[in-house]
Amino acid sequence: MTEDVCRTDQRVIEQRIGQVEAGLAALRSEHEQVVERGAQQRREDQAQAAATRRLVISSFVSPLLVMTLQLWLASRGSAS
């Protein structure tokens with residue numbers, strides 16, 4: 001194999017390695033974006049679940065407080 005052929009082969013190999021490295025960098029970037037979107041979605045889901053829990057709890061607690069207040073007022077009214 002002549003020196004020119006060897007150099008040409010070396011350049012072709014370096015170009016292929018460069019292409020593979022660029023492809024890997026693109027895949028790594030895409031993977032990081034997917035992971036970040038997943039984490040963001042998880043945070044949004046957790047916030048939504050917390051808001052739903054607060055709504056459910058308040059929908060039960062508020063009527064109980066009102067009923068307790070009404071019973072207390074009724075017992076004070078009938079005691080006098």
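Colleague: In which helix is the place of V61?

Modeller: This model is predicted, and in it V61 is placed in helix α1, which covers residues 3–79. The chain has one helix and zero strands.

Colleague: How does the radius of gyration of the chain stand against the globule rule, and what follows from it?

Modeller: The rule gives 12 Å for 80 residues, while the chain has a radius of gyration of 34 Å, well over that value, so the chain is more spread out than a compact globule. The box filled by the C-alpha atoms, taken along the principal axes, is roughly 115 × 10 × 10 Å.

Colleague: How may I follow this with pairs of residues along the chain?

Modeller: Q70 and V12 are 58 residues apart in sequence, and their C-alpha atoms are 87 Å apart in space. For A74 and A39, 35 residues apart along the chain, the C-alpha atoms are separated by 52 Å. A39 and A22 are 17 residues apart along the chain, with 26 Å between their C-alpha atoms.

Colleague: Is A39 buried or exposed, and why?

Modeller: Burial is read from relative accessibility: a residue is buried under 20% and exposed over 50%, and partly exposed in between. A39 has a relative accessibility of 16%, and therefore counts as buried. A74, at 45%, counts as partly exposed. Q70 has a relative accessible area of 51%, so Q70 is exposed.

Colleague: What percentage of the residues in the chain is buried?

Modeller: Buried residues make up 2% of the 80 residues. The accessible surface of the chain comes to about 7,300 Å², and carbon and sulfur atoms account for 62% of this surface.

Colleague: Which residues form a nonpolar patch on the surface?

Modeller: The patch is formed by V56, I57, F60, V61 and L65, which together have about 490 Å² of accessible area. V61, with which we began, counts as partly exposed because its relative accessibility is 41%.

Colleague: Which side chain meets that of R7 in a salt bridge?

Modeller: The side chain of E3 does so, with 2.0 Å from N to O. R7 and E3 both lie in helix α1 and are four residues apart, about one turn of the helix. R7 has a relative accessibility of 44% and so counts as partly exposed, whereas E3 is exposed, with a relative accessible area of 52%.

Colleague: With which residue does E36 form a salt bridge?

Modeller: E36 forms a salt bridge with R43, and their closest N and O atoms are 3.2 Å apart. E36 is partly exposed, with a relative accessible area of 44%. R43 is partly exposed as well, its relative accessible area being 42%.

How values were computed: Residues are numbered from 1 along each chain as its sequence is written. This is a predicted model: local features need pLDDT of at least 70, side-chain atom pairs count only at pLDDT 80 or more; totals for chains, interfaces and linings use all residues. Side-chain values use heavy atoms; hydrogens and water are left out. Helices (H or I, at least four residues) and strands (E, at least two) are DSSP runs, numbered from the N terminus. The radius of gyration is taken over C-alpha atoms; the globule rule is 2.2 Å times the number of residues to the power 0.38. Buried means under 20% relative accessible area, exposed over 50%, partly exposed in between (1.4 Å probe, protein chains only). Accessible areas come from the Shrake-Rupley method with a 1.4 Å probe; for residues, only the protein chains shown count as cover. Patches are made of residues with over 30% relative accessible area and no salt bridge: like charges are joined within 9 Å, nonpolar side chains (Val, Leu, Ile, Met, Phe, Trp, Tyr) within 5 Å. A salt bridge is a side-chain nitrogen of Lys or Arg within 4 Å of a carboxyl oxygen of Asp or Glu.
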